[in-house]
2 protein chains.
Amino acid sequence: MKNLLVAQSGGPTSAINASLYGVVMEANENPNIGKVYGAVHGVFGLIHDNLIGIYDVESLKTTPSAYLGSVRYHLSDDFNDIDYRDILETVKKHDIGYMAFIGGNDSMDTVDRLSRFFKSINYPCNVIGVPKTIDNDLVGTDHTPGYGSSIKYIATTFQELKLDTNAYQSGRATIVEVMGRDAGWLTAGSKLACLNGLGPDWMYLPESAFNVDKFLEDVKAIYERQRKVLIAVSEGVRDVEGRYIANLLSVDGNLDAFGHTQLGGVSGVLGSLIKSRLGIPVRTIELNLMQRCAGHLTSKTDLDEAEMCGRFASKMVQNNNGKFVSMVRNDQKTYSIRCELVNVNEVANKVKSLPINWIINGNDISDDFIEYALPLIQGEITPAYSNGLPVYKVLYK
Amino acid sequence: MKNLLVAQSGGPTSAINASLYGVVMEANENPNIGKVYGAVHGVFGLIHDNLIGIYDVESLKTTPSAYLGSVRYHLSDDFNDIDYRDILETVKKHDIGYMAFIGGNDSMDTVDRLSRFFKSINYPCNVIGVPKTIDNDLVGTDHTPGYGSSIKYIATTFQELKLDTNAYQSGRATIVEVMGRDAGWLTAGSKLACLNGLGPDWMYLPESAFNVDKFLEDVKAIYERQRKVLIAVSEGVRDVEGRYIANLLSVDGNLDAFGHTQLGGVSGVLGSLIKSRLGIPVRTIELNLMQRCAGHLTSKTDLDEAEMCGRFASKMVQNNNGKFVSMVRNDQKTYSIRCELVNVNEVANKVKSLPINWIINGNDISDDFIEYALPLIQGEITPAYSNGLPVYKVLYK
């Protein structure tokens, strides 16, 4: 009876440990799977034989970040590379016949390579990919675990920022920077706060070319009407030539030439522009790492789906190699999803953008998005509390 | 039968509406108090006769920010100032005999002046102050409503940031900037995360002179030992001569001269220093407005105490003028507080620093603080959810 190895890689999320929980729970219940090993720091742990047993899973489902540790490491194209020799050694030593990698599009590249490697040497080890990323930019799946919790956090925070910034009489523009280098899924999530009347005035996404003058006109128009402006902007917004707005160079306080220096975020650049060109007081806010690790505010739907993907992977990896767990939305009135398998090479290294026709006038989001995203943030799973603080499961402190 | 006016001022918090709720509920239950009016934007609403009736209080207790709108406005020393004439007009028009101002030390100055004004003209209107501020820097009270929820959010967020930044193998210093221009109470709150093994490595507070070289040595030592550094720093840290570290001027990427330009926060300044002097990768994070408006993660103890202060004010304002609601910690094994009255002029315009002997070696916090602060973050009050997001009560959208 072969053992199963599970690993996590790419950026942490609030749901990646729920998928780990699902993989482990299902494997433990399966009489055909032996032990469950976790690779510490993903493929790196596999290469360096740094594995741990996973027995106790209490609090794991509600713990954010990657319990096993993450990694950004690319395996070589060449199966003669020494990494593959080391991996095979670890696999043989621990009699591993199944591998589940929970990760994003980079990680699916690892799944693709490992599955082809084992096949090329006829070694009986199946590798499967489990989706994970707050960015929601994986192809081949309706959405990704982690995304729902992130936009629940983002939309909630926009509600709260709206209340806070509206408390004063004095006029001000507030620019909130949301993650998303290539896709605007997270920034679009702020639109959900509009359902409760507390959303941003405008949203700017990487999918739509960013025009500085148009942006300043947008801000000015809102400011003149209501003296308060709340803007959501993706870190990755670009101009029509594809240059990141975050890299606009400061020249004597005016930002109008492009340079090659990272100035510390697009919100700072846009804030400086509003101050110098419009003379409007500005506050800039980066949601930063909090938008991907706020384990105290997760979507029940998201965590349950993350677990479901993990369980499905544990089941299917016994008879499938080089596959990816896809979430498919059932065609019913009430929202539900099912898991299916797709070939991982159809997913690896690709980016799914937000449909361009869901962006209105370059600064707003359509109801199509709301219909798509609203089910993903439903329900809450509150972690246990100790000392007045959430209890999280920790491998390393 | 006289009516009661309630107002809010100063920076928003997650608990100021719980005090408003308390004032209103108690006044409604009191047969000797007539209607309850809210002054929109504090004393400004009083001057300009912008009052509203407060009838429906559903969701008010768990709504962050200031429901009635806040203001930063100083009344004149001179009771002949036109503001006082306008205020008296509003008071007479609506037959107001009682006023409760929920606010910080600036707002207590308003309470002091108004109470002396009414006394000076022998007009029967009593004014009372209800404590509020996340900064916890009010004298004359054990702590302030709003503080407990803020440090619950801060400590929780530190736990989550610790998990997130530990997920990767690569070394990095993470500098987290916490509010607190004059007092380190909020930054000290991050220490509570250490109880669950997930706190910052070091904390730097305004009460202790900040030495740049010592700071860099601290960071270097931790980095060499564990390759991950998590730092909490108050926005208001100063050097031994009292100059804000946030105002360190950038000279060719090195920060060693002092200028007069706000560079956008102390975390950015310290991040640049670590990069240029130590060559360690850095991420800087500002908890920004989120630390004072995260209504989705509040302390039950804090909100209940905030309500209690509001109720006490409604009761006591009938027979007291120029007073302030103080929270006194009962001398018992189990934590509890009671409300008492102190003279508001003993509170106004003063700042309570964290006791200097609670700061260890300039970069750590003693157990005395933990014993003091831990009771304040106990329990959770979750708001109602609609559309997957918290339901907040809104006067203006």
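This is a predicted model: local features need pLDDT of at least 70, side-chain atom pairs count only at pLDDT 80 or more; totals for chains, interfaces and linings use all residues.
Trainee: How are H7(B) and H8(B) oriented to each other?

Mentor: Helix H7 (residues 212–226) and helix H8 (residues 266–278) of chain B pack with their axes 11 Å apart, at an angle of about 70 degrees. Angles of 65 to 115 degrees count as roughly perpendicular. The orientation of H7(B) and H8(B) is therefore roughly perpendicular.

Trainee: How many residues of the contact of H7(B) with H8(B) are nonpolar, and how many are charged?

Mentor: H7(B) contributes B:Val212, B:Asp213, B:Phe215, B:Leu216, B:Val219 and B:Lys220, while H8(B) contributes B:Leu270, B:Leu273, B:Ile274, B:Arg277 and B:Leu278. No polar residue takes part; the contact holds 8 nonpolar and 3 charged residues.

Trainee: Which strands stand at the edges of the open sheet of chain A?

Mentor: The open sheet has 4 strands with parallel pairing, in the order S7-S8-S6-S11. An edge strand of this sheet has a single partner strand, so one of its sides is left without a neighbour in the sheet. In chain A these are strand S7 (202–204) and strand S11 (282–286).

Trainee: At what angle does helix H8 of chain A run to S11(A)?

Mentor: Helix H8 (residues 266–278) of chain A lies across S6, S8 and S11 of that chain.

Note on methods
Residues are numbered from 1 along each chain as its sequence is written. Chains are lettered from A and ligands numbered from 1 in the order in which they are written. Side-chain values use heavy atoms; hydrogens and water are left out. Axes are lines fitted to C-alpha atoms, for helices over the stretch in contact, and angles run from 0 to 180 degrees between N-to-C directions. Helices (H or I, at least four residues) and strands (E, at least two) are DSSP runs, numbered from the N terminus. Angles under 35 degrees count as roughly parallel, over 145 as roughly antiparallel, 65 to 115 as roughly perpendicular and the rest as oblique. Contact means heavy atoms within 4.5 Å. Ala, Val, Leu, Ile, Met, Phe, Trp, Tyr, Cys and Pro count as nonpolar, Asp, Glu, Lys and Arg as charged, and the others, Gly among them, as polar. Two strands pair if DSSP finds at least two bridges between them.
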